[in-house]
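Me: I'm new to looking at protein models. Could you walk me through how to read one?

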Amino acid sequence: MLTPPRTVVRRDGGLYALERALQRRGFRHVAGADEAGRGACAGPLVAAAAVLPEGRRGEIDGLADSKLLTPASRERIYDEVVARALAYAVVVIPADEVDARGLHVCNLAAMRRALASLTTRPEYVLSDGFGVDGLDVPGLAVWKGDRVAACVAAASVLAKVTRDRIMVELDGRYPGYGFAEHKGYITPEHTAALRELGPCREHRFSYVNVATVSGRDGRPPRSRRPAAGDPDEPLFGGSGSDEPLFGGSGSDEPLFGGSVAALFGGPEEMPAGSPDEPMERSGAPGGTVGVALGEQPRPPAPVGEDVVMEGGVR
């Protein structure tokens, strides 16, 4: 039996070279998956998946890694991706679930759910950095995939813009932290606000800097978050403050429910099923979650943008 010749994708082939090579091999619908908010100590983790059409319609002017784009460019490209994609899906995991399940577990679960929610079934999956198991299609984890593959870059823009919009809304509900500016990442201004106000319910208590300010750094990461409304919990208002934990104006209810919230898009109807269903694609043979719940989250990034996760500078 003759084996097909190897397909070589040159590094300088451009953002669409990898997808085009896969499409020439018969994988027409190539999905990309990425996340935003992994390095933040406040706000949700957001993952997205997207399938771009073949040919010129799938080529979006200026598409690039979301961290390399200006906010205005991200908004424009977001609209282009939404308009052109064969399918896309966005999954939002709130801060309390990140604390409860662990950052890496939530990251993979969110990407898996976003991919499984696509209304156009992908034939191949490209993911940024981490392989996503539990799917019934082949896939490849691509280092810095949002700079290598167009579908991954599109997913990164969807995730980043969605998360930024959420953080702007949270800034109105929890004033004083500056969420609209730093988007929940660790900056000197955010650190100063944490010390003065204490953490709010949108902070991730499994992160060392939040746990230290709240006085709960002596506990294991998964048990640091206080139960809302627990009368036995102390008040944390920062240095010398009597403001209670979960302070700030507006409702104390989280922006998202206690489990995964999913936002779907694409030209077809939203797929049936509840956001609380298992993360794997239904009917996937031998699908597994594949990540132990005991894995500890990564320490938060020391600066205020996702770019630090890629070794860049703020």
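Me: Let's start with Lys160. Is this residue buried or exposed?

Reply: Good place to begin! Keep in mind that this is a predicted model. Buried means under 20% relative accessible area. Lys160 has 3%, so Lys160 is buried.

Me: Which residue forms a salt bridge with Lys160?

Reply: The partner is Asp164, and the closest N and O atoms are 3.5 Å apart. Asp164 is buried too, at 11% relative accessibility.

Me: How should I think about their places in the helix?

Reply: An α-helix has 3.6 residues a turn, so residues three or four places apart point the same way. Lys160 and Asp164 are 4 residues apart in helix α5, which means about one helical turn separates them.

Me: How many residues of α5 are buried?

Reply: 19 of its 24 residues are, so α5 is largely enclosed by the rest of the structure. From first C-alpha to last, α5 reaches 35 Å, close to the expected 34 Å.

Me: What is the mean pLDDT of the protein chain?

Reply: The mean is 77, and 68% of the residues reach 70 or more. Over residues 266-314, though, the pLDDT is below 50. Where pLDDT is low, the predicted coordinates should not be read in detail.

Conventions. Residues numbered from 1 in each chain as written. Predicted model: local features only at pLDDT ≥ 70, side-chain atom pairs only at ≥ 80, totals over all residues. Heavy atoms only, no water. pLDDT = per-residue confidence, 0-100. Contact = heavy atoms within 4.5 Å. Helix = DSSP H or I, 4+ residues; strand = E, 2+ residues; numbered from the N terminus. Expected span 1.5 Å × (residues − 1). Buried < 20%, exposed > 50% of the residue type's maximum accessible area, 1.4 Å probe, protein only. Salt bridge = Lys/Arg side-chain N within 4 Å of Asp/Glu carboxyl O.
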